[in-house]
Amino acid sequence: MTLRNGLVSLCEGGANMDDSVYRLLRREFMDDPTVSHLVPAFVRTTQDKAAMWAFLKGHSGQWEPRRKYVREQFMPLIDRLERSPAPADAIVTDALQRFDAEGITDAWNKALSRREADPAGAITAARTLLETVCKHLLEDTDGNATYGPSDDLPKLYRQASELLNIAPSQHSEDAFKRILGSAASIVEGLGTLRNKVGDAHASGGRPVKPAPRHAALAVNMAGSMALFLIETANAKGIDV
């Protein structure tokens, strides 16, 4: 609201919008992968107050059209911020950052930021996240891979689950077998979903377009499974 109201004031030629504040708030939102895609385009492309004032004057010679434009452009971002974030987002983000493996945090951030604006891209990033976690778990202490270059996500997960002793076949208790079997089914389903509606393959004559809710489901499942794998490895003292 501080950023939006400051720009509304600037629409009137006001001096209330300090350049350093504008730069700070702009960078704060653009560095947040969960909302960066909702930052108005004119803010993303305008680095300082002087350039912003030049843009607003060029947009309209009158105050009111400028103010209306700024308010409308900020509505998606404000609407998103007013909604409570999913608790799992923060939990998974913290765990992946502590895991600190190359490519994993980047894939998770992409998955989060694309859920609404680019559902197909979010689904692809969700699969990439799980693939990357499994590959890191399957690399020995010298960084040598114990998986094949063409191994797909279900196979990578099977190998990782056996390494961590969480494969259904490694347990005799029925409840554990069911839960771990369901986890494997989730991973297989993510792989299938990405092949059908992700953005990594060319679409056919009648492409299926995923909705944001489908992307949210895929990203949340991938994040939960990645968290499960990492926490299991930590609990077993496996150096990852």
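This is a predicted model: local features need pLDDT of at least 70, side-chain atom pairs count only at pLDDT 80 or more; totals for chains, interfaces and linings use all residues.
Biologist: Why is Pro65 called partly exposed?

Modeller: Pro65 has a relative accessible area of 32%. Buried requires under 20% and exposed over 50%, so Pro65 is partly exposed. Pro65 lies in helix α5, residues 63–82.

Biologist: Which residues does Pro65 touch, leaving aside those up to four places away in sequence?

Modeller: Pro65 touches His59 and Ser60, and contact here means heavy atoms within 4.5 Å.

Biologist: What makes helix α1 roughly antiparallel to α5?

Modeller: Helix α1, residues 2–11, packs against α5 at an angle of about 165°, and the axes are 9 Å apart. Angles over 145 degrees count as roughly antiparallel, so α1 is roughly antiparallel to α5. The crossing of α1 past α5 is right-handed. Leu3, Arg4, Leu7, Val8 and Cys11 of α1 meet residues of α5, among them Trp63, Val70, Phe74 and Ile78.

Biologist: How do you know on which side or sides of α9 its buried residues lie?

Modeller: In α9, residues 153–163, the buried residues are Leu153, Pro154, Leu156, Tyr157, Ala160 and Ser161. They cover an arc of only 160° around the axis, and therefore lie on the same side of α9.

Notes
Residues are numbered from 1 along each chain as its sequence is written. Side-chain values use heavy atoms; hydrogens and water are left out. Helices (H or I, at least four residues) and strands (E, at least two) are DSSP runs, numbered from the N terminus. Buried means under 20% relative accessible area, exposed over 50%, partly exposed in between (1.4 Å probe, protein chains only). The arc is that of the directions from the helix axis to the C-beta atoms. Axes are lines fitted to C-alpha atoms, for helices over the stretch in contact, and angles run from 0 to 180 degrees between N-to-C directions. Angles under 35 degrees count as roughly parallel, over 145 as roughly antiparallel, 65 to 115 as roughly perpendicular and the rest as oblique. A crossing is left-handed if the near helix is turned anticlockwise from the far one by less than a right angle, and right-handed if clockwise.
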